[in-house]
Each structure stands twice: as C-alpha cells, then as structure tokens.
Amino acid sequence: MARGHMLTVCLMSVMLALSMSHFAESALQEGFYSAMCPQAEATLYNTLKDLTVNDPDLPAVLLRLHFHDCFVRGCDASVLLDVPKSEKTAPPNARLEGFNAVDRLKSAVERLCPGVVSCADILAFAARDSVVLTGGPGYNVPAGRRDGRVSSATEASKFLPDAQSKVPGLVANFANQGLSVEDMVVLSGAHTIGEAACHHIDSRIYDYPSKSGVDPNIPADYAKKLKKKCRERGLKDRTFDLDTSTDHKFDSQYYTNLIAKKGLLVSDQALFDDKSTKPLVEKHKKQAVFFEAFAKAMVKMGNIQVLEGTQGQIRKSCRSVNK
C-alpha cells in the first residue's frame with residue numbers, strides 16, 4: 001500500500017474513533033468501591049433515607065439532578081459547580097435543587113474514605129437510591145466516574161430538553177446523547193414523581209390557540225385543577241405535580257396519565273399523541289415492563305461521556321474544582 005494512502009486511512013480511522021467517542025462504552029464497574037470504600041453505597045443510601053424523612057420531595061429532585069448533569073458534558077458532576085456562568089445559572093436549571101443534600105452525601109462518604117468517591121458517582125448512586133426509596137426498581141450502578149472541571153450555562157441551554165418540545169425534538173435531543181427513542185420514552189417515565197413550575201403549562205391552559213385559551217384535548221376536570229393551582233400566567237414560584245395520582249410513588253402511573261390525556265407538560269403528553277411513540281407509552285404502562293426498561297436506561301444514561309482516570313478528578317467539595 002502506498003505511504004500516502006496508508007496515511008489517509010490512518011487519519012480517517014482516528015477521525016472515526018473521535019466521532020464515536022461520545023457514544024463509546026466506558027470502563028465503569030459495578031462494585032467499583034468494594035475494596036477502596038466498601039461502605040460507600042450503604043452510607044449514601046442510609047444518609048439519603050434519613051434526609052428524605054424530612055423532605056419527601058428530595059428523591060424527585062435528586063433524580064432530576066442526575067438527568068441534568070448527564071445531558072451536559074456527560075455524567076461529570078459539572079452541574080454542581082459554583083462558578084461564573086455555570087450550568088446552575090442556565091434558564092433550564094432555574095428550579096434545580098438538591099445541592100445541599102449532595103453536600104451532605106459527600107460529607108458522609110468523605111468521613112469514611114477521604115478523596116475516594118467522586119461527586120459524579122454520588123449523583124448516580126443518589127438517583128438510583130431515590131428510585132428505590134419511592135418504590136421503584138433497584139439496580140446495580142457501575143461506577144468509577146471522575147468529576148469535571150468545566151460548567152457552562154450556554155451548553156446547558158443548548159443540550160437540555162425543553163418542556164415545550166414535541167417528539168421530533170425530543171428524539172433528536174436524546175439521540176445526541178446516544179439514547180434511543182425507547183430510552184427517551186422510558187426515561188421520561190421519571191416524571192412519575194416530582195413537580196413542574198406553573199409557567200411551563202401556560203401554553204396549555206392560557207395561551208393555546210382556542211377561544212378559551214385551553215388545549216381542548218385536556219379533560220375538563222384536569223384543566224380545572226390546573227387553572228385552580230396555576231391561577232395566572234407566568235407563575236414560576238408555584239408548582240403542579242407531574243403525576244397527581246401517586247405523586248411520591250415511583251410507578252407506571254405516568255403512562256396511564258398520558259393515555260388519559262393527563263400528561264402535565266407538552267413534552268409529556270406528546271409521547272402519547274404522536275403515533276410514533278404511542279405504542280411505547282402503551283407498552284410501558286405495564287409496571288414490570290417499565291421497571292426493567294427504566295433500570296437499563298438509567299445505566300445507559302449514566303455512561304454518557306464519563307471521565308475516567310486522569311481525565312477528571314475527585315473533588316474535595318462538589319461545588320468547586322480542586323486547587
């Protein structure tokens with residue numbers, strides 16, 4: 001083979017490898033801390049369990065925090081950093097909470113094993129434990145993530161899904177993270193717990209292009225409840241449960257709600273209204289099917305662009321990069 005042709009092939013191979021690195025399998029391991037800090041996972045679970053006693057909304061908050069972390073720069077705890085123009089300051093993260101709870105979790109493992117457990121892994125474990133504490137499926141969390149050094153509000157605004165998105169936009173957004181259409185529908189099922197700010201549904205109950213301003217596809221009784229709680233446009237400090245039936249229970253009720261036209265956000269209800277994803281909503285209405293799929297999708301999401309070895313660090317404080 002000619003030297004020039006060999007060089008071209010090598011360059012093409014390198015470019016292909018780089019383009020696929022975003023979706024490459026990581027070397028994370030189940031039981032990663034079993035030798036270095038054997039009580040880490042149990043300590044995190046018990047600490048979170050204690051915190052949840054006084055804050056039953058915390059599991060939904062921490063589950064959301066893990067999602068928002070992984071969709072920007074991968075699962076590297078960049079969402080936790082307190083730096084100028086950080087991810088925390090981006091509009092999609094305006095109501096992001098749980099940072100004090102993460103500090104408590106970090107302190108708990110630091111007392112056991114200083115400088116061993118990364119903040120990125122703490123978020124992954126806390127998301128799993130949040131699901132378990134609200135009645136959802138347990139699953140093994142591969143670990144070994146390192147913490148990132150950069151946090152960008154611009155990137156958060158670019159990569160996080162929007163509450164007004166329809167299915168084509170959601171599919172594209174999740175595909176950008178290496179996640180499939182079914183992964184998207186399954187991970188959206190996390191909205192079986194938690195709440196959303198009222199202003200996110202203005203387009204459904206005040207500004208819809210109808211005589212009343214209400215989306216006519218919303219059942220009258222549900223629309224009445226929405227308008228009673230979200231009594232005027234633009235309310236950012238009032239919230240409505242994503243699942244009004246079993247708001248603190250992790251189950252498959254989310255999909256039942258969508259079938260009944262009682263999905264809260266545009267991006268929720270769109271999953272049933274769009275013919276391409278409607279069968280997936282109906283499929284995951286079965287709780288056993290949903291639980292199995294959700295556990296697998298969470299592990300897959302937890303592998304997005306993880307930092308390993310010298311690519312990142314183990315932060316001493318989850319809010320700041322080590323000096």
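Cysteine 230 is buried, with a relative accessible area of 0%. Its partner in a disulfide is cysteine 198, also buried, at 1%. This is a predicted model.

The link of cysteine 198 and cysteine 230 is left-handed. Cysteine 198 lies in the loop between β1 (195–197) and α9 (202–205), and cysteine 230 in the loop between α10 (220–229) and β2 (239–241), so the bond ties together parts 32 residues apart in sequence.

The whole structure holds 4 disulfides. Counted along the chain, the bonded cysteines pair as 1-4, 2-3, 5-8, 6-7.

| Pair | S-S distance | Angle about S-S bond |
|---|---|---|
| Cysteine 37 and cysteine 113 | 2.0 Å | 85° |
| Cysteine 119 and cysteine 318 | 2.1 Å | -95° |
| Cysteine 198 and cysteine 230 | 2.1 Å | -70° |

The link of cysteine 119 and cysteine 318 is left-handed. This pair joins distant parts of the chain: cysteine 119 sits in helix α5 and cysteine 318 in the segment after α14 (287–301), 199 residues apart. Cysteine 119 is buried at 0%, and cysteine 318 is buried at 2%.

The link of cysteine 37 and cysteine 113 is right-handed. Cysteine 37 is in the loop between α1 (3–20) and α2 (40–54), cysteine 113 in the loop between α4 and α5 (119–133), so parts 76 residues apart in sequence are tied together. Cysteine 37 is buried at 1% relative accessibility. Cysteine 113 is buried at 11%.

Helix α4 (residues 99–112) contains alanine 108. Alanine 108 is buried, at 6% relative accessibility. Beyond its sequence neighbours up to four places away, alanine 108 touches Thr43 and Thr47. Its C-alpha atom is 9.8 Å from that of asparagine 46, 62 residues away along the chain.

Conventions:
Residues are numbered from 1 along each chain as its sequence is written. This is a predicted model: local features need pLDDT of at least 70, side-chain atom pairs count only at pLDDT 80 or more; totals for chains, interfaces and linings use all residues. Side-chain values use heavy atoms; hydrogens and water are left out. Helices (H or I, at least four residues) and strands (E, at least two) are DSSP runs, numbered from the N terminus. Buried means under 20% relative accessible area, exposed over 50%, partly exposed in between (1.4 Å probe, protein chains only). Contact means heavy atoms within 4.5 Å. A disulfide is a pair of cysteine sulfur atoms within 2.5 Å.
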